[in-house]
Amino acid sequence: MPRPKSLIRQRIVWGGLAVWILLLIACATTSRTMMAPPQIAGAVFIGSGTCTACHADQAQFFDSSSHALLQDEGDPAKFIGCESCHGPGSMHLASFGQVGAIVNPRRSPETCFQCHLDKHGEFHLPNTHPVLTGKVSCADCHDPHRGDAVIAGGTQLASANDTCLECHAAQQGPFVFEHEAVREGCVTCHSHHGSVNPKMLRAANHTLCLQCHFQEQTVDGRLKIGGREHTAYVSRGTCWTTGCHEATHGSQVDSTLRF
Ligand code: HEC
Ligand code: HEC
Ligand code: HEC
Ligand code: HEC
Ligand code: HEC
Ligand code: HEC
Ligand code: HEC
């Protein structure tokens, strides 16, 4: 996503009765991404203020959210925020909350993909969370109604790893021999949106571990990692297979994370 926030440009183009909102995101680079909120046939934008009356829960912390920036100065689409994901709300309002007259992005990631084109790409990589098949939703890990939209971490009370541990209890511990790397966050090693590597790893080989561990090459051509002889080991496979450090997330029995 392009940053910083101050570079976000927004325009409204009026066409007949339909209001088309084009959010033009200007990057620090020369590339530009065009974004559009979902459309609902026959409906027009009515503004976030209208939603608040019936949806206090979602509106309560919305001012703190990154998506609240998706506003425009013109009426009646002033503070379009909510409708940037839920689509224009006039028919939903006229029917006093008919569910079929508004978009719920939990059901399909397509709403998010409309603006987050890069995520569309990531979720089409060979190893991803099963979001396209509907088994996992963007909303399992994201609450766009507050803060930075990540359910845990950042400004939230729970730690960033808690989002993951909700579904991946096996990696939780407590372990007798912890791997400090896990405290840094699951995302140091996993590209949780998608990766070309198995298990959504950020790297397919030892470079994953050498982000933090020091590799030393001695003059006689020997290899040391973490101060220990590794010359013969590294040719056998990755650090976490072939009986080496298979307990990458932590071990109950072995300080070198072997099992
Ligand atoms: C960035 C996209 C986005 C924006 C902006 C957004 N929402 Fe949502 N909304 C979602 C997603 C995703 C869900 C599904 C979340 C879930 O089921 O936990 C949702 C669900 C809802 C629901 C249904 C909740 C339920 O329990 O079924 C309501 C009501 C709602 N939003 C209202 C609002 C209001 C009001 C605003 C503005 C103050 C708003 N939304 C702004 C993405 C958004
Ligand atoms: C007059 C009251 C009212 C207003 C105003 C209103 N809603 Fe709703 N909304 C409801 C009711 C009632 C429901 C159905 C709740 C249910 O069945 O659980 C609902 C449901 C929803 C849902 C869930 C739909 C689903 O498929 O699960 C979303 C999303 C939503 N509203 C968004 C909005 C947004 C965005 C606005 C402002 C543009 C808005 N609402 C304005 C009353 C309202
Ligand atoms: C209408 C366009 C639009 C839609 C639809 C949209 N987003 Fe965004 N989203 C943005 C923009 C623009 C930003 C960048 C805001 C910024 O840089 O602070 C953003 C930022 C984010 C961030 C990062 C927030 C941060 O503070 O770092 C997350 C996470 C996110 N969006 C998730 C979602 C999810 C999940 C959905 C679908 C439910 C969604 N978005 C739908 C436009 C959109
Ligand atoms: C398995 C949990 C999970 C799922 C599913 C997920 N996300 Fe995320 N996403 C995260 C976490 C955690 C972060 C924060 C990463 C960080 O702090 O480095 C994040 C960050 C982001 C960001 C901001 C940083 C960036 O990478 O650009 C955007 C935008 C985003 N997600 C959009 C989406 C969209 C759209 C979907 C659904 C198509 C989605 N995410 C599904 C966990 C998830
Ligand atoms: C809503 C539940 C849910 C959440 C939250 C979640 N995951 Fe997952 N995760 C899954 C499912 C379902 C799969 C697919 C399992 C399968 O295909 O057998 C998966 C698969 C994975 C895999 C690949 C496993 C394999 O055997 O290939 C990794 C790695 C992973 N998740 C890491 C994470 C990380 C990191 C986070 C936090 C950012 C996270 N998950 C959050 C449900 C979740
Ligand atoms: C130091 C790097 C690293 C960190 C940090 C890390 N993982 Fe992993 N994870 C791996 C490696 C390497 C594998 C592949 C293990 C294998 O193939 O046997 C893996 C595999 C997985 C799998 C697939 C099941 C398995 O055990 O093979 C899941 C699920 C998973 N990790 C979740 C998480 C979660 C959740 C966190 C955060 C609490 C996390 N990981 C943190 C390196 C890491
Ligand atoms: C985010 C940084 C980080 C990453 C990435 C990381 N580690 Fe670690 N690891 C640490 C820290 C910090 C320690 C504890 C201090 C130490 O012993 O160096 C540690 C300790 C270890 C230990 C125990 C060393 C001992 O002598 O007790 C092993 C084994 C280990 N890591 C293997 C791995 C493997 C294998 C990978 C790749 C899958 C990996 N680490 C990735 C930070 C990391």
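How do the residues of the shell around ligand 2 divide into nonpolar, polar and charged? They divide into 9 nonpolar, 7 polar and 1 charged. The model behind these counts is predicted.

**Ligand 2**
- The shell around ligand 2 holds 17 residues.
- Cys51, Cys54, Gly89, Gly97 and Asn104 are the closest of them.
- Three helices each supply at least two residues of this shell: α1 (48-52), α3 (83-86) and α4 (90-94).

**Ligand 6**
- Ligand 6 has 16 residues around it.
- Nearest to ligand 6 come Cys164, His168, Ala181, Cys186 and Cys189.
- Two or more residues of the shell come from α8 (160-165), and two or more from α9 (180-184).
- α8 gives the largest share of the shell around ligand 6, at 3 residues.
- By residue class, the shell around ligand 6 has 8 nonpolar, 7 polar and 1 charged.

**Sheet β5-β6-β7**
- The sheet is open and has 3 strands, in the order β5-β6-β7.
- Pairing in this sheet is antiparallel.
- β5 (215-217) and β7 (228-229) are the edge strands.
- Each edge strand has a single partner, so one side of each is left without a neighbour in the sheet.
- β6 (residues 223-225) pairs with β7 in the antiparallel sense, over 2 bridges.
- Opposite lysine 224 stands glutamate 229, in β7.

Terms used: Residues numbered from 1 in each chain as written. Chains lettered and ligands numbered in written order. Predicted model: local features only at pLDDT ≥ 70, side-chain atom pairs only at ≥ 80, totals over all residues. Near = placed C-beta within 6 Å. Helix = DSSP H or I, 4+ residues; strand = E, 2+ residues; numbered from the N terminus. Nonpolar A, V, L, I, M, F, W, Y, C, P; charged D, E, K, R; others polar. Pairing = 2+ DSSP bridges.
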